Structure formats: structure tokens, C-alpha cells
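Hi,

Here is the structure I promised to pass on to you. Have a look at it first, and my notes on what I found follow below.

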Amino acid sequence: MPEGRSALVEHFRDLEQQREASSLGMWIFLVTEIMFFGGLFLAYTVGRSGYPAAFGEASRHLDVALGGINTGVLIVSSLTMALAVWASQTGKRKMLLGYLGLTLLLGLTFLTLKGVEYADKFHHHLVPGSAFSFPGAAARPAELFFSLYFAMTGLHALHMVIGVGVLAFLFRQARRGRYTAQYYTPVEMSGLYWHFVDIIWIFLFPLLYLIDRHR
Amino acid sequence: MSAATSPRVLGHENYLNVSYGVKSWLLTTDHKRIGLLYLASITLYFFLGGAFAVLIRLHLLTPEGALVQAETYNKFFTMHGIIMVFFFLIPSIPAVLGNFLIPLMIGARDLAFPRLNLASWYIFNLGALFTLYAVASGGVDTGWTFYTPYSSLYSNSHVVAAALGIFIAGFSSILTGLNFIVTIHTMRAPGMTWFRLPIFVWAHYATSIIFVLGTPVLAITLGLVALERVFHIGIFNPALGGDPLLFQHLFWFYSHPAVYIMVLPAMGVTTELIATFSRKSLFGYHFVAAASLGIAVIGFLVWGHHMFVAGQSIYAAMVFSILSYLVAIPSAVKVFNWTATLYKGSVSYQTPMLYGMGFIGLFVIGGLTGLFLAALGVDVHVHDTYFVVAHFHYIMVGGAVMGYLGGLHYWWPKISGRLYPEGWAKLAALILFVGFNLTFFPQFILGYLGMPRRYHAYPAEFQVLNVMSSAGASILGVGYLLPMVYLIWSMRYGPIAGPNPWPATGLEWQTPSPPPPENFARTPVVTWEAYDFASRKDLRLAGAGLERLPAEPQD
């Protein structure tokens, strides 16, 4: 996507056409991502409609404080990403670097906290498999819940890891001055991706952590 | 075919002679070269998948099974299915012909994302490597459908490697589809409006929608099967309250539309062939274009017809049955419009046209037997029998592969700059048609009489039909080997084709054969409608030597 010396790639007529293509391509990519996660959301729907009580009970074993903090972290990171895109569009290179760096740190914070949560589940034998143990009669559907929990948050975390990698790449390119007020498409496209990953979490958090907190 | 008409070297600079060496191919971002890279890959996988078909047909020569144990037989049909579906049929027309032709047809220099295009080829082959590893290390025995819980809990074969291979190859499909959609939206030449696009491009647009919306679902589904085997998560595991039927829903949500991934591009090719060799404007252009999209959209709503006997609710089954019947409407629109195009056209039966006509006939048989299967009562009788096998081979082999070969012959002069030997090519088309019908028509009867699919043995009264089918397969095999030989031969020794040998109306014929690396010396400006033979006086000149005149604009 990002081009070194001259921003216009030769098979495009002009920068406008190139920007249009990148933007449409990114949106279509996000559609494929929705379908990708969609399979998991469907599996969750089927599981939860089959075992609403057991899913609620299992959900109470998640750490809502850590999950809540992580939600906050991601929402703030979306703000800093949006500001990074704005900084690149207006050609403010120092601010661009600052916001990109901040977003990257927030992403790493999220992943660290997620790692803490995973470790905690591991200690409490809530990871599906032969070592899984869950108090009460609903052990089997609870294992299904945790299967979904790990599949969904794991896939989300994988997207976060990729996002952090992309941010690191953008940071390096921005330091070399590759992005200008005329050419900022990579920052904008990465921003779309980052917001998308955030939105996935915004759905995951209530579906996994909050379904049984009203009682 | 004298030496004077076929010099060894083509004069002008083109995408084939602009640079030489392995590196110039493996690092190319030229969509035309990438198309040929795909051609090489999928030809290899086609013959590998074909080898398994040969083993299957050999085994079924005798009622008790002539060749191998039941377990090995299971692996044969699984590997045949996986390789043919995911590594040949799905990429066949889009990744080879689509890649090569879409930028040429819309007057662009390249696809929108050339490097992504090259990356798709590498991703595809990486996926294929995983699957080949599964083959080499002992195979997979789940059937290409990977039904749970057998695939996730019980099978002792290399399910994870095969599933990962398909998972990875899926991303190549997604990226190809994404690239096509963006290219068709943003890269069209001046004057190339949506309704001047060749139907081939419309068909690929519809196919790309399925690539983009369907493939991710298959990816996550097979990903979950792999996770279930490796990490014991249990989304499809009934012991944990998981739902094995959920797998079937998710799998067919992709894999039914995948049939349209195979057949829609073949319909696009057929449309080009029918119009070109009837020398006539396509009848009902807008309807044919819309029918492509209609098939893609309705195709997403019919997956449940694979599960009529899997215990889904009768009401769901009725809805899926009705929706499946609806697919027949846009399909029939295409068939009727092709027929109407032929009517009063100046039809010439050159090799690509033979494939085009073959496609229509075989697709009609495959499509109508599909309606048998979409009918709830009939399906209970023929479900999981050879009737189903025959039906989908009529669509996938009779339809998609005929379309692929027809397209390959039709655009071969553009790809290679040279004509293939017409006599051999006609012979091959004939052999394929005969061999195909001899292989698969008896399977309709077998299925109707009750022979189940995927069995390694069968009652003695089915032997005659099975032997007929195996005999047909050997003829079919010869038919597939022939084009490989003469097409390669023609790359060096065939007569020079010239830019527009048929002649045809598309933009791809307005540039030299083979095209220069940048496709067009200057960006073309389109002022004519698609398939407008009547008012394209320039084609007479381009077709000099073929002595076929365009049809008079009488109707």
C-alpha cells in the first residue's frame, strides 16, 4: 500500500484514483472481516440460546474489571488513532508520531491485560480441554462458553497483534517523512482497520462479560 | 501452417519477452504473468486431483472394490474432492482468465493492487503445500465436506493440515475477489460504463462478491475444526453441548455459493463465446448481467438444501427448497438469452464454440437435476446417492471445466500470440464431451437405483453401469491430456494469431497478441456498446483471412 519515493503507483491514472481504490479495497476487506467474525458470533448465538443459564453462570467467572478497563483502553486508542489520521491529513508530522505512538502503547496495554486474564483463566482451570473444571452442574455448557470465549477473544487479540505491527510500521515510515498532507492513505486505511478491531471488542465485551451482571 | 506464417519469435515487445528468467516471473506484478503462474499451479493440481479420480474409477470396476481397502478408498475420494474443489475449480477461471483478462477488458494497465495479486498466488500455493503435505503423509478421510464430529473428534487422518491448507488458500480467494471488485469499480477506461462491460466482467464481479462474503465464513469454520482438534475447544462437540449441525450450516453457507464461484465465471466465458461465434449482439444484455448478480445473491440463501435429511426443521427445509427453485430463474434467463443470441446468428463452430455449446447442454442437464434435488420428497430418495454425484459433476465438470477449457482456447491466441491446431482441438472437445457423458450419465441411473455415494463396494447388479462410468473416465482423461500437449506445442509452433483472430468486439482484442506489458499503448476510449458486431466495421479488417462476415443488422 504505501509507496516509497513517489506516492503515485504507475498503473493508476492519478492520486485520486489511487486513493479511491485503496479506500474501497479497505472497506471490502473490513466486510470480509465481519463475515469472518460473523461465524463466531453465530456460534455464540446458537450456544447461548441453547444454554442461557449456563452461559450466564460461566460469564460471571470473567474478570469484569479488567475487561472494563480494556474497553476503556481501546476506546481511547480509537480516539488517538482518529487524531493520528487527522494529524497526517493536515501534515503535522510531530503530532502524527505522537498519536501513532500513543495508539501503539494503548494497543500493547490491551494485549498485556488480556494476557493477564488468560493466565488467570489458566490457573483456575477454565481453559477447555482435559484440565477443564467448573463447579456446578453446568460444567459442559460452561466449557462451550469458554471455548467461544477463547476463540472470539483470541481471534480479536490476533487482530490486535497485527494492528500493533501495522502501527509500528506506520511509525517507522512516518519518522522517515513518508506521509504528507497529499499522501496519507496508509494512515487513513490503518485507522479504519484499528477502529474495526475496536468495534469488534465493543460487541465482545457485553456478550461475554456482562450478560449476567444485572442480577 | 507454413514456416512463413509462424516465425519462431514474435516481433513486438510483449509481456512474455519483456524480461526473462525465473526471478522475473516469481517477482512479477503483471496481472498477465500472474495469470500464467496460476495456470501452471492449477494445471498441476488438476492432474493430481485427476489421478485420485482415476484411482476411484479403477477401484469401482468390480463390485467388491478392485484396488484398495475401504479406509484408503475414503482417502481417495476425499483428496479428489479437496484438491479439485479448492485448488482447481475455485481458482480456475477467476485466477487464470479473470486475472489475465479483466484489466484488458476494461482498458486498465493492471489490477488495482498488483502486489496483492502476486501475494494471492503465493498464499494459494502455501495453502496447497499444506494440503499436499496432508496427501503425502497419509491423506484425509473425512470427505471434502469435513463434517463434524467425525472430522473434529474421531478421524485419525491429517485433518488439521488439510483444513489449514484450505483456510490459507481461502485468503487467496478473498484477496482475488477484493482486487477484482476494486478494479472493476475504479479502473475502467474512459467511456467504459457499467453497461458496456463484457458479461465476463459482470460474471467475475458477481463471483467476487461470493469470494468476499462467503470465503471468510469457510475460513472461520475450518479454523474452528482445527482448533477443536488441537486445543480441544468444543464449539461443534455435542458432548459439550456444542452443535455439529452448526458446522454444516456454516460450511454450506460458503460451499453452496462456492458452486456459483465455479459456474458463474464459466457462464461469463460462455456468453463471450456465444456472442462472438454468432456474430451477433447479445440478446438481453441487461438481463444476463443482472442474472449474474441474481445468482450470486440468491445463491447465499439456499445452503439448507444440503441438509434436508440432517434433521433441520421441516419449515426451514420448505423455505430452502423454494429459494433453491428461485435460483433456476436467473439461470434460465441466461440459457434462454444464449439461445436467443444463437437464433439467426451467423454461427460458426470453432473449438471455443463447441465448448460453449457443450456448456449450455451439460449445464441444462446439471441444472434441471438440481431441481430434482431441491424438491423435498425427491431429495429424500436420492440424497447421498450417485444421483447427487452425477448432478454436481455435470455442473462442476460439464459446466465449469468446459467453460474453463472453452475460455482457455478462445483467449489462447491472446495469451500466447499463436493459434492452437484447430483439428486437434475439435477432436479433444469431442472426446471430452463423449467421455464426460459416458462417465457421469450412468451415475444418474446408479443413484436413482439407490447406489450410495462414497461407498467402496456395491451390489453386483450395479457393475455394468460402473464399468461404463470408468470407461468414460478413461476417455475423459485422454481429452484432458490432449489440450495440454497441443497448447504447449502451439506456444512455439502455432501460426501467429494477430490481435483479433475471431474477430471479437472486446477491448482485449484491440491490443497486440500477446499484449505489451502495459496492456495498451495509450489508454483506450470506449465509444461502442458490448458485442455490437453490427456497427463495428473495423472488425472486418481485423478478421481478414477468416472469411466470416458479421451478420447483417437485419433484426
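Predicted model: local features only at pLDDT ≥ 70, side-chain atom pairs only at ≥ 80, totals over all residues.

Helix 3 (residues 64-89) of chain A and helix 4 (residues 93-123) of chain A have axes that come within 8 Å and cross at roughly 160°. The two helices, helix 3 and helix 4 of chain A, are therefore roughly antiparallel to each other, and their crossing is left-handed. Sorted by class, the contact of helix 3 with helix 4 of chain A has 18 nonpolar, seven polar and two charged residues.

Chain B has a pair to set beside that one. Helix 9 (residues 285-299) of chain B packs against helix 10 (residues 314-342) of chain B at an angle of about 160°, and their axes are 9 Å apart. That makes helix 9 of chain B roughly antiparallel to helix 10 of chain B, and the crossing of these two helices is left-handed. On the helix 9 side, the residues making the contact include B:Phe287, B:Val288 and B:Ile295, while helix 10 of chain B brings, among others, B:Leu323, B:Pro330 and B:Lys334. By class, the residues of this contact between helix 9 and helix 10 of chain B divide into ten nonpolar, four polar and one charged.

Next, the contact between the chains. Chain A gives 29 residues to the contact, and chain B gives 32 residues. On the side of chain A that touches chain B, the elements that give two or more residues are helix 1 (15-50) and helix 5 (139-175) of chain A. Helix 1 of chain A supplies the largest share of that side, 17 residues. The side of chain A that touches chain B has 17 nonpolar, nine polar and three charged residues.

Now for the core. The largest nonpolar core has 228 residues, and those with the most contacts inside it are B:Ala163 and B:Met262. Its largest share, 23 residues, comes from helix 3 (residues 70-106) of chain B. Leaving aside residues up to four places away in sequence, B:Met262 touches B:Leu89, B:Ile90, B:Met396 and B:Ala400.

B:Leu39 and B:Pro91 are 52 residues apart along the chain, and their C-alpha atoms are separated by 9.4 Å.

Notes. Residues numbered from 1 in each chain as written. Chains lettered and ligands numbered in written order. Contact = placed C-beta atoms within 7 Å. Helix = DSSP H or I, 4+ residues; strand = E, 2+ residues; numbered from the N terminus. Nonpolar A, V, L, I, M, F, W, Y, C, P; charged D, E, K, R; others polar. Axes fitted to C-alpha atoms, helices over the stretch in contact; angles between N-to-C directions. Parallel < 35°, antiparallel > 145°, perpendicular 65-115°, else oblique. Left-handed = near helix turned anticlockwise from the far one by under 90°. Core = buried A, V, L, I, M, F, W, Y, C linked by C-beta atoms within 7 Å. Buried ≥ 20, exposed ≤ 12 C-beta atoms within 10 Å, placed from the backbone.
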